[in-house]
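This briefing sets out the sheet, the helices, the core, the aromatic pairs and the salt bridges of the structure shown below. Please read it with the model at hand.

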Amino acid sequence: MFLVVYDIASDKLRTKFSKFLTKYGRRLQFSVFEIANSPRVLENIRTEIKASFEKKFSQGDSVLIMNVPDNAVIDRFGYAVNEETDLLFF
């Protein structure tokens, strides 16, 4: 998996960017998305950021894409603890 973490000052651009990321993964926190590890998906995201968003970023805006290895140890606390397992009720 990889994480996309962003800090975008403009409310309008930040909302558009988060909606764009929703197509590819799930939101973990307000400005953090978890996305399945796929070279094609990653390339699509990079291409779209460069084509549609990068020119609109201000000097203080930033987007980080971080690869998280499958064997990474992730400690979860608070609400995030519930996200480790999906509960199904019938």
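In strand S3, Val32 and Glu34 point one way while Phe33 and Ile35 point the other way, and all are buried. Buried stands for under 20% relative accessible area, exposed for over 50%, and partly exposed for what lies in between (1.4 Å probe, protein chains only). Helices (H or I, at least four residues) and strands (E, at least two) are DSSP runs, numbered from the N terminus.

This is a predicted model, in which local features need pLDDT of at least 70 and side-chain atom pairs count only at pLDDT 80 or more, whereas totals for chains, interfaces and linings use all residues. Residues are numbered from 1 along each chain as its sequence is written, and side-chain values use heavy atoms, with hydrogens and water left out.

**Sheet**

- The 4 strands form an open sheet in the order S2-S3-S1-S4, with antiparallel pairing; two strands pair if DSSP finds at least two bridges between them.
- S2 and strand S4 (62-67) are at the edges and have a single partner strand each, so one side of each is left without a neighbour in the sheet.
- On average, neighbouring strands of this sheet are turned by 25° against each other, direction ignored. Axes are lines fitted to C-alpha atoms, for helices over the stretch in contact, and angles run from 0 to 180 degrees between N-to-C directions.
- S1 and S3 run antiparallel and are joined by 4 bridges. Val4 has Phe33 as its bridge partner in S3, and Val5 stands opposite Val32 in S3.
- Strand S2 (residues 25-29) is likewise antiparallel to S3, with 4 bridges between them, and a hairpin of 2 residues joins S2 to S3.

**Helices against the sheet**

- Helix H1 lies across S1, S2, S3 and S4 and runs at about 170° to S1.
- Helix H2 lies across S1, S3 and S4, and its direction is at about 170° to S4.
- Contact here means heavy atoms within 4.5 Å.

**Nonpolar core**

- The largest nonpolar core has 16 residues, of which Phe2, Phe17, Phe20, Leu21, Ile35, Ile45 and Phe57 touch the most other members. Such a core is a set of buried Ala, Val, Leu, Ile, Met, Phe, Trp, Tyr and Cys residues joined through side-chain atoms within 4.5 Å.
- Two or more residues of this core come from each of strand S1 (2-7), helix H1 (11-22), strand S3 (32-35) and helix H2 (39-53). H2 contributes the most, with 5 residues.
- Leaving aside residues up to four places away in sequence, Leu21 touches Val4, Tyr6, Phe33, Ile35 and Ile45.

**Aromatic pairs**

- The count comes to 7 aromatic pairs. Rings of Phe, Tyr and Trp (its six-membered ring) pair if their centres lie within 6.5 Å; planes under 30 degrees apart count as stacked, over 60 as edge-to-face and the rest as tilted.
- One of these pairs is Phe17 and Phe20, which is tilted because the ring centres are 5.8 Å apart and the planes stand at 50°.
- Both residues of this pair, Phe17 and Phe20, lie in helix H1, 3 residues apart, about one turn of the helix. Phe17 is buried at a relative accessible area of 0%, and Phe20 is buried at 5%.
- Phe17 also pairs with Phe53 in an edge-to-face arrangement, with 5.0 Å from centre to centre and 90° between the planes. This pair links distant parts of the chain, since Phe17 is in helix H1 and Phe53 in helix H2, 36 residues apart. Phe53 is buried, with a relative accessible area of 2%.
- A single aromatic cluster is formed by Tyr6, Phe17, Phe20, Tyr24, Phe33, Phe53 and Phe57.

**Salt bridges**

- The structure holds 2 salt bridges, each defined as a side-chain nitrogen of Lys or Arg within 4 Å of a carboxyl oxygen of Asp or Glu.
- Asp11 and Arg14 form a salt bridge at 2.2 Å, N to O. Both lie in helix H1, 3 residues apart, about one turn of the helix. Asp11 is exposed at 52% relative accessible area, whereas Arg14 is partly exposed at 27%.
- Arg26 and Glu34 form a salt bridge whose closest N and O atoms are 2.7 Å apart, and Arg26 stands opposite Glu34 in S3. Arg26 counts as partly exposed at 33% relative accessibility, while Glu34 counts as buried at 15%.
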